[in-house]
Amino acid sequence: QVPEFRSLLEEAQASANIDMAFHVDIPSLRQAVATAVEHASPSVTLPLQRSVIPGVTSETAAATASAPASLADPGREGKMDEVPVDPPVGPWLAELVGTGRAPEVLAVAPPAEVVRPDFVWASDIDGNVAQFKAQIVGPEARRFTAPGLGVYAVGNVTVVGWDQFVLHGGEVVRDTLAAIAYWLPGRLTESFVAHESIHLRRPAPIRRLDDSLVYFVGCEPAWGNYGQWMTQVLPKLVVFVHLSLNRPEMRIIMPEFASDSFVGQTIRLLGISEDKIVRVASNEAVAARRALMMTRADSWNLPPFCRVAADFLAARIEAAPEPARTLPRRVYLKRADQAVRKVVNIADLKPALDRFGFEILELGGLSLVDQIGVMRTATHVIAEHGAGLANIIFCKATPVVLELFNPACPQPRYWTLAALAK
């Protein structure tokens, strides 16, 4: 949508004297540009700006889906101070954190070795049916290294709609091109290839934000899913709360949200005031001259910092005076409001649950405060695989968890959370 870029494309196409269709997805567009330039007159140039994100340059933005997904990946090449950008990276971040020097990244959490707890499968996993058997069977599945988390200073970024992927220098930042829930209402994305390309249903106007402020990119594409919100977004919000203390120039970029949703409840509990929030409408993008971006955690190999963030939120709740009440210690989490992955004969199961002292809960009908309160005291949890299981991150005691899978989709997301809830 940039007029200058479109003009260059038209000039290159005219010089090439060929008929060509340009596509929105990145690899096709790049190939089209390369073909046009190859046949064009020598006077035609395409001044593509390099990206500030390490490893994401104009030469590598069309990398395959196997490319590293974390900005903190030690295997990535390039350092931020080696990449020419305007405004320069570093000095204003140094002022922000009070270090007196220009860091490449503000470390949030170092890499960590995580050992998943012992488990028992009720039946063998059929490798012909189960898509992710390799990730959960075998001794190598018991241990993983969670990459470190950090905050980067990035110049000239654009955050797009409720999709919440990020552009820098006209290129998609690969870390943000993952888990986009394009089927949900209000999303601009029609289709995407993780960490590679994206196709939008329609263009979006860009709203320029105040250049005098610093903007923290606080969300991520799968923010509408409760499990992703608690494991991917909550850590970012907690970091923002700490960074923005006594810093009136800081704002956080978030998609529009309802105040009574789990998104609104979380933000309210963390004490993030409305004047600190820049809301992005579903059909627009916002552009910031100075921004902070935090590296994205692997949703299957979550870092221990997720537990730190969960405890921070829980402490905000526990600090508020509440009437004393008795909460169940053994709970069955029921997916009553979902069409998939739920037990259809729950009535047959209820006598056994009653015998062992389990209370059946539908978390979708509880406030966030009540959901966290229940899990803080829970010692035994039975749940149908789904986002509600993310709440085990709030358990104070080491919980015993029984997760009910469809045979086709056992996967390690909540097994990892059980490792952090110790």
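Predicted model: local features only at pLDDT ≥ 70, side-chain atom pairs only at ≥ 80, totals over all residues.
**Entry 1: Thr-231**
I started with Thr-231, which sits in helix 5, residues 226–243. Is Thr-231 buried or exposed? Its relative accessibility is 3%, so I noted it as buried, the cut-off being under 20%. I then looked up its contacts beyond four places in sequence and found Leu-302, Cys-306 and Leu-417.

**Entry 2: helix 7**
Next I turned to helix 7, which covers residues 305–318. I checked its length: 14 residues at 1.5 Å a residue should span 20 Å, and the end C-alpha atoms are 20 Å apart, so the two agree. I also listed the buried residues of helix 7: Phe-305, Cys-306, Arg-307, Ala-309, Ala-310, Leu-313, Ala-314 and Ile-317. Cys-306 was already on my page as a contact of Thr-231.

**Entry 3: Ala-314**
I stayed with helix 7 and picked Ala-314. Ala-314 counts as buried because its relative accessibility is 1%. Leaving out residues up to four places away, Ala-314 touches Ile-372, Arg-376 and Phe-394. I also looked up Gly-373: it is 59 residues from Ala-314 along the chain, yet their C-alpha atoms are separated by 8.1 Å.

**Entry 4: the cores**
Which residues have the most contacts inside the largest nonpolar core? They are Phe-216 and Phe-394, in a core of 65 residues. Helix 5 gives the most to this core, with 11 residues. Apart from this core lies another, of 17 residues, including Tyr-152 and Val-173.

**Entry 5: Phe-394**
I finished on Phe-394. Beyond four places in sequence, its contacts include Tyr-226, Met-230, Arg-307, Ala-310, Leu-313, Ala-314 and Met-375.

Definitions and conventions. Residues numbered from 1 in each chain as written. Heavy atoms only, no water. Helix = DSSP H or I, 4+ residues; strand = E, 2+ residues; numbered from the N terminus. Buried < 20%, exposed > 50% of the residue type's maximum accessible area, 1.4 Å probe, protein only. Contact = heavy atoms within 4.5 Å. Expected span 1.5 Å × (residues − 1). Core = buried A, V, L, I, M, F, W, Y, C linked by side-chain atoms within 4.5 Å.
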